[in-house]
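Subject: Structure handover

Hello,

Here is the structure for you to look through. My notes on it follow below.

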Amino acid sequence: MKAEGDITVKGLVEGAKLDAGGTITITEGIAGQGKSEITAGMDVRLGYINQSMVEAGGNLFVEKSILHSEVIAKGDIYCQQGHIIGGVLSAGRAIEAKDAGNRMSTITELYLGVNKKVKAREETLQDEHTILEDNIKKLRLIGNHLDNKKHKTGELTPKERVTMLRQKNSLHNYELRRQVLLEELSELKSDIGELKDTRLSINGTLYSNVEIGFGMYHRKIFRPITNVYATLTKGEIVIRSLG
């Protein structure tokens with residue numbers, strides 16, 4: 001379902017795709033089984049999220065829990081009365097929840113000020129670009145070697161001529177792919193908020209094996225701690241008591 005304005009679902013969403021220019025409200029929640037995709041230009045409000053992809057152009061309000069899901073909000077993520085277990089959450093400003101992770105030490109990733117989904121794509125493209133640059137360098141060395149021999153002797157062997165044709169074709173294709181990669185990298189933007197304004201608040205328990213990220217800075221939790229908030233201070237993720 002797609003709408004320019006708001007979408008309201010009175011009940012449960014299972015395996016559906018919703019795309020709204022405004023706010024999406026789901027009175028119960030999403031049981032997506034990895035198939036649901038919810039995208040809103042503004043806020044998303046719902047009871048719970050289970051194995052789904054949710055992206056909000058504004059804030060995300062969840063009454064109960066966020067389980068094993070991929071969630072992005074350009075504003076804040078509020079799950080103040082519930083828990084976040086598994087999955088990857090990215091928020092532009094703040095994430096607030098009762099609990100994050102669980103006693104089973106389920107890997108749970110919480111990112112502030114950065115879109116983890118886009119960041120992962122950036123890293124993939126950068127890795128591919130590095131490999132392409134290395135291949136282009138090797139092909140150019142081969143081409144230079146063959147050009148020098150042809151200049152000195154006036155001809156190449158049949159095998160060398162075939163090698164030169166393949167070299168030129170491969171070099172052309174690699175350079176085209178490199179240009180596509182550079183264009184996509186220039187269009188990608190992983191930051192979705194100012195790091196100085198970001199904050200993680202947990203008013204219950206922050207369990208072990210939860211990874212917290214503020215931009216390029218990361219910190220993994222190794223033991224359960226209660227009633228805390230985390231901020232980025234002078235390039236360090238600092239965790240303090242809520243008092």
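How do the axes of helix H1 and helix H2 cross? Before the reply, two remarks on how to read this model. The model is predicted, so local features need pLDDT of at least 70 and side-chain atom pairs count only at pLDDT 80 or more, while totals for chains, interfaces and linings use all residues. Residues are numbered from 1 along each chain as its sequence is written, and side-chain values use heavy atoms, with hydrogens and water left out.

Helices

The axes of H1 (residues 116–153) and H2 (residues 158–187) cross at roughly 150° and come within 9 Å. That makes H1 roughly antiparallel to H2 (angles over 145 degrees count as such). Axes here are lines fitted to C-alpha atoms over the stretch in contact, with angles from 0 to 180 degrees between N-to-C directions. Helices are DSSP runs of H or I with at least four residues, strands are runs of E with at least two, and both are numbered from the N terminus. By class, the contact of H1 with H2 has 12 nonpolar, 7 polar and 12 charged residues. Asp, Glu, Lys and Arg count as charged, Ala, Val, Leu, Ile, Met, Phe, Trp, Tyr, Cys and Pro as nonpolar, and the others, Gly among them, as polar.

Strands

Two strands pair if DSSP finds at least two bridges between them. E8 pairs with E6 in the parallel sense over 7 bridges, and Ala31 has Asn50 in E8 as its bridge partner. E8 also runs parallel to E10 (residues 66–67), joined by 2 bridges; there Ile49 stands opposite Ile66.

Strands E17 (residues 210–214) and E18 (residues 217–220) are antiparallel, with 4 bridges. Gly213 has His218 in E18 as its bridge partner. E17 and E18 form a hairpin with 2 residues between them, and Gly215 in the turn has a positive phi of about 60°.

Pocket

The lining of the largest pocket has 5 nonpolar, 1 polar and 6 charged residues. Among the lining residues are Lys17, Glu37, Met53, Glu70 and Lys117. A pocket is an open set of points on a 1 Å grid over the protein atoms alone, where a 1.4 Å probe fits, with protein on both sides within 12 Å along at least five of seven lines; lining residues have an atom within 4 Å of a point.

Regards

Notes:
Angles under 35 degrees count as roughly parallel, over 145 as roughly antiparallel, 65 to 115 as roughly perpendicular and the rest as oblique.
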